[in-house]
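Please look through the structure shown below before reading on. The paragraphs after it lead from one element to the next.

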Amino acid sequence: MTPPTSLDRRRFLGVTGGVAGLALLAQMPVGPANARPAGSGYPFTLGVASGDPTPTGVVLWTRLVPDLFVPDGGMPAVKVPVQWQIARDDSFRQVVREGVSWALPALAHSVHVEVEGLAPDREWFYRFRYRSDISPVGRTRTTPLWTGRNASMSFAFASCQDWSSGYYSALKHLAEEDVDLVLHLGDYVYEGGIPADGGYRKTPVPEVLRKAPRGLARWRMQYALYKSDPDLQTAHARFPWMVTWDDHEVQNDYANHQSQYEGDITELRAAAYQAWYEHQPVRRPARPTGQGPRIYRRLQWGDLAQFDVVDGRQYRSVPPCGWGEADACEAAYDPSVTMLGQQQEQWLYDGLKRSKAQWDVLASNVMVGRLDHDGKAGDLLWHDAWDGYPAARQRLIGAWREAKTRNPVVVTGDWHSTFVNDIHADFDREGTPVIATEFVGTSLSSNGDREVYGPYYGPMIPFNPHIKFFDGDRRGYVRCTLDRDEFRTDLRMVRTVSRRDAPDYTYASFVVENGRPGAHQL
C-alpha cells in the first residue's frame, strides 16, 4: 500500500544517518537552559525509534546517553525536558503535533511519547531536541482504521541479535525494504559478558562490559552497546516496531521467576525488565510495576490482519518434564501447566473470537510446532518450546478452532534456524487436520557464521513430516507480504555476519493461500 506521502528511501536514509545536514531543525523552538551532561556530549547516541502504532497514534522513543558506558549515561541525576515534534513531511514544514516530555533519571533519561490525534494509514516524521542538540529524523506510520477494507500490507520479523556474534548486516538490508511494520520476537540483547575483543566483530570493548549484567546500571550499558549499532538504529528509525522478549533478555531458558542454574531470579529479572522498557518504543503498560510489566498486546491492520504479540516467559510454568531437552511426561498435560498464564490466555482467546481479520498472526517467542528428536525410539523433545507445554498448546489450537479463525499464522523467533511447519489439530494423534501455519525465522547474528544447528536438527526432520522446510545455519530475517488471497514469506539472508556490507539474497519463498492452512514453497 502506498501511503499518501512518500519519501525516497535513499534520501530518508541520508536524513537519518546523522546530525550533519540537519540545520533545518534550528526552526524548533529552544526552551530555557537545561542541565548539561558531563562533557556536554551529543545525547542522542542511541538514535530514535517508534512502535506500537494505532490508527490515530504511535509511541516515539529516545534516550539521552552522552556517555554510553557509565552508570548514569553521562546525564545529571535530575529530570530534564526533551522537546519532540511529529510532522507530515521530513522537512518539518507541516508539524502536526509537538510538545515536551520529561526524561527522568529513574528511567535512565529515556523518553516514551504516546502521540495521539494523527490521521490513520499514513507515514509521519519525528525528531527530538535536548538543549541545542537535535536527534536524527525518524519515519513512522499509523495503521488503517479497523473498519477499512485493506488490500495489502507487508511486515518483517526478526530475532536473536547477539552483538558479539556478528554484525547486523541483515538489518542494514531490512532498512532498505519497504515494509509497514517490524516485529522483533526476542533476544534483543544477550545476558552474557562481552569478550574483550568484541567476539566476532573484533571490536575492543571497555572492561566494564566484560562481566555479565546483574544490576540495573550494567543492564543499561548492555542495551547501550547493542543500540549503538548503526544498522539497528537505522532500521528502528525507518519503521514502527512491535517488540516482545524471549529468554536472553534475562537468562537462558528461564521460566517465570525460576532459573535452571540458580533458582529464584526475581531480582535479576526485575532489573532486566526495567532496562528492556527503558530501551524499547512501548506503551505505559510495559513499564515495570509492583504487578510486573504487561507486554502482550494486539495490533489491527484494518480488516486484513490482526497481530497478537504474546509474552511467553513471564507467566509460564516451570517445565514439568525437565529443562531443555528431555523426555515427554504426563505432568505436562495437567491443565494447570501454562505457557502464557491464565489471564493472557483469556485475552488471546477472546481476541480471536472477536477478530474479523483475514489473517490472524500470532507473534510467538518460541516454536509452537512439534519437534520430535528421536522418532519412534522415544519421546525426546525440547521443553523450553511449546513442546514442553502440550496441554497449553492444545488450548491454543482449540481456541483457533472454536473461534473459527479464518487464517491463523504463527511467526516465531528463538531457534537460530528456519522452519516452516504445519500445525495439526493434535500432534499426539496421527492424521489430524492442519489448522495453522508456522514460520520460524533464523537469527540476525546469533551463532555467527558457524554451522551448529543444521547438523544437530537436520537428522530429526524426517521424524516430523509436518515440518515442510528446514534450514539450520543462515542468518537473516523474514519478509511477509499479505493480501486478501495469500500470505507470502521470503527468507532474506546475508552471506556472512563478519562484515557490515555483506550481500543479501532471498533463499526461499513460501505462500499460504486464503482458506488453506499450510504453506507451499514457490
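Strands (E, at least two residues) and helices (H or I, at least four residues) are DSSP runs, numbered from the N terminus.

The model is a predicted one, in which local features need pLDDT of at least 70 and side-chain atom pairs count only at pLDDT 80 or more, while totals for chains, interfaces and linings use all residues. Residues are numbered from 1 along each chain as its sequence is written, and side-chain values use heavy atoms, with hydrogens and water left out.

In a regular strand the side chains alternate between the two faces of the sheet. In β20, both faces are covered. Thr418, Val420, Asp422 and His424 are buried on one side, and Phe419, Asn421 and Ile423 are buried on the other. Two strands are said to pair if DSSP finds at least two bridges between them. β20 pairs with β22 (residues 467–471) in the antiparallel sense over four bridges, and Thr418 stands opposite Asp471 of β22. β20 is also joined to β21 by six bridges, again in an antiparallel arrangement; here Phe419 stands opposite Val440.

The loop between β19 and β20 deserves attention for its backbone. Most residues other than glycine have a negative phi, and most peptide bonds are trans. Asp414, which is placed in this loop, has a positive phi near 85°. His416 is found in the loop between β19 and β20 as well, and its phi is also positive, about 60°, although it is not a glycine. Asp414 is buried, with a relative accessible area of 13%, and His416 is buried at 9%.

Helix α7 (residues 390–403) has 14 residues and reaches 20 Å from its first C-alpha to its last, close to the 20 Å expected at 1.5 Å a residue. The expected span is 1.5 Å times one less than the number of residues. An α-helix has 3.6 residues a turn, so residues three or four places apart point the same way. Among the buried residues of α7 are Arg393, Leu396, Ile397 and Trp400. The cover over the buried residues of α7 includes α6 (342–354), β17 (359–364), β19 (408–412), β20 (418–424) and β21 (434–440). Lys404 follows α7, and its phi is positive, near 55°.

The buried residues of α6 include Trp347, Leu348, Tyr349 and Leu352. What covers the buried residues of α6 includes β14 (297–301), β15 (305–309), β17 and α7.

Another enclosed strand is β2 (residues 58–63): six of its six residues are buried, so β2 is largely enclosed by the rest of the structure. Val58, Leu60 and Thr62 are buried on one side, and Val59, Trp61 and Arg63 on the other. β2 pairs with β1 (residues 48–51) in the antiparallel sense over four bridges, and Ser50 has Leu60 as its bridge partner. The hairpin of β1 and β2 has six residues between the strands, and in it Asp52 takes a positive phi near 45°. β2 is joined to β5 (residues 110–115) by six bridges, also antiparallel, with Val113 as the bridge partner of Leu60 in β5.

Pro240 lies in β11 (residues 240–243) and counts as buried at 1% relative accessibility. Contact means heavy atoms within 4.5 Å. Leaving aside neighbours within four places in sequence, the contacts of Pro240 include Ser50, Gly51, Pro53 and Thr140. The C-alpha atoms of Pro240 and Ile265, which are 25 residues apart along the chain, are separated by 32 Å.

Definitions and conventions. Buried < 20%, exposed > 50% of the residue type's maximum accessible area, 1.4 Å probe, protein only.
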